[in-house]
Amino acid sequence: MGDASKFMKPVNVFPLVETIRHWSDWLRQGVVVYYRSLMLQVRGVSCIFIATTVFAAPTQTPSTSAVAQIQSVLRAQQDAWNRGDIDGFMDGYARSSLTVFISEDEVRRGWETVRQRYREKYSDRTKMGTLSFSDIEITPLTADAAVVLGRWSLKRANDEPHGRFTLIFKRLPEGWRIVHDHTSAAPPPTR
């Protein structure tokens with residue numbers, strides 16, 4: 001047989017020191033990456049929890065000031081109407097092209113369009129009658145927005161139309177203003 005060393009090659013059963021260092025660095029980096037990832041997940045879950053808590057919290061009653069300001073706008077509208085002042089009545093609406101008014105199966109957009117509709121439909125004091133609002137409910141949506149439900153009625157010489165409205169008020173630099181108005185009329189009584 002002879003010399004076996006010709007056929008045998010040395011086999012290193014232990015990894016080289018460089019390989020151990022490489023794997024050690026990789027493992028250390030992996031642990032750091034895992035730790036950082038875990039911390040980001042914890043922070044993310046914390047942020048989601050806080051956001052959910054803040055935004056899902058029951059809506060609180062609007063401040064007395066906001067309610068009083070919205071009531072004041074409605075009172076000013078009613079008073080302006082009863083003076084025959086459509087422009088004064090329209091001061092309660094946001095002077096914006098985004099203002100929406102829905103009535104009689106039509107959607108009207110823009111402050112000027114809504115104003116024109118009121119001027120055409122209520123062209124004189126007889127048609128305007130005396131306006132009153134009642135059963136007003138103010139519900140906050142945010143610190144700068146609220147929904148208002150209520151009833152409206154007109155007393156005129158020949159009839160007394162009435163109905164309901166839903167208004168979305170928004171706090172703007174000029175104060176609380178209506179940005180969305182959905183008004184419906186009750187059917188006239190049958191005779």
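The legends below describe close-up views of a predicted model.

Residues are numbered from 1 along each chain as its sequence is written, and side-chain values use heavy atoms, with hydrogens and water left out. Because the model is predicted, local features need pLDDT of at least 70 and side-chain atom pairs count only at pLDDT 80 or more, whereas totals for chains, interfaces and linings use all residues.

**View 1. The largest pocket and its lining.** The largest pocket holds about 620 Å³ of space, a pocket being an open set of points on a 1 Å grid over the protein atoms alone, where a 1.4 Å probe fits, with protein on both sides within 12 Å along at least five of seven lines. Of its 35 lining residues, Tyr122, Trp152, Leu154, Thr183 and Ala185 are the closest to the centre; lining residues have an atom within 4 Å of a point. Strand S6 (175–185) is among the elements that give two or more residues to this lining, and S6 gives the most, with six residues. Strands here are DSSP runs of E with at least two residues, and helices are runs of H or I with at least four, numbered from the N terminus.

View 2. Aspartate 135, which lies in strand S3, is partly exposed because its relative accessible area is 49%, the class between buried (under 20%) and exposed (over 50%), with a 1.4 Å probe and protein chains only. The side chains of aspartate 135 and arginine 151 make a polar contact (2.7 Å), that is, a pair of N or O atoms within 3.5 Å, of which, within protein, one must be able to donate a hydrogen and the other to accept it, while residues adjacent in sequence count only if both atoms are side-chain atoms. The two residues are 16 residues apart in sequence and 6.0 Å apart in space, C-alpha to C-alpha.

**View 3. Serine 103 in strand S1.** Serine 103 is found in strand S1 and counts as buried because its relative accessibility is 9%. A polar atom of its side chain lies 3.5 Å from the backbone oxygen of threonine 183. Leaving aside neighbours within four places in sequence, serine 103 is in contact (heavy atoms within 4.5 Å) with Arg108, Arg117 and Thr183.

**View 4. Confidence along the chain.** The protein chain averages a pLDDT of 82, and 67% of the residues score at least 70, pLDDT being the predictor's confidence in each residue, from 0 to 100. Where pLDDT is low, the predicted coordinates should not be read in detail.

Technical notes. Grid points are joined across faces, edges and corners, and a volume is the space filled by probe spheres set on the points.
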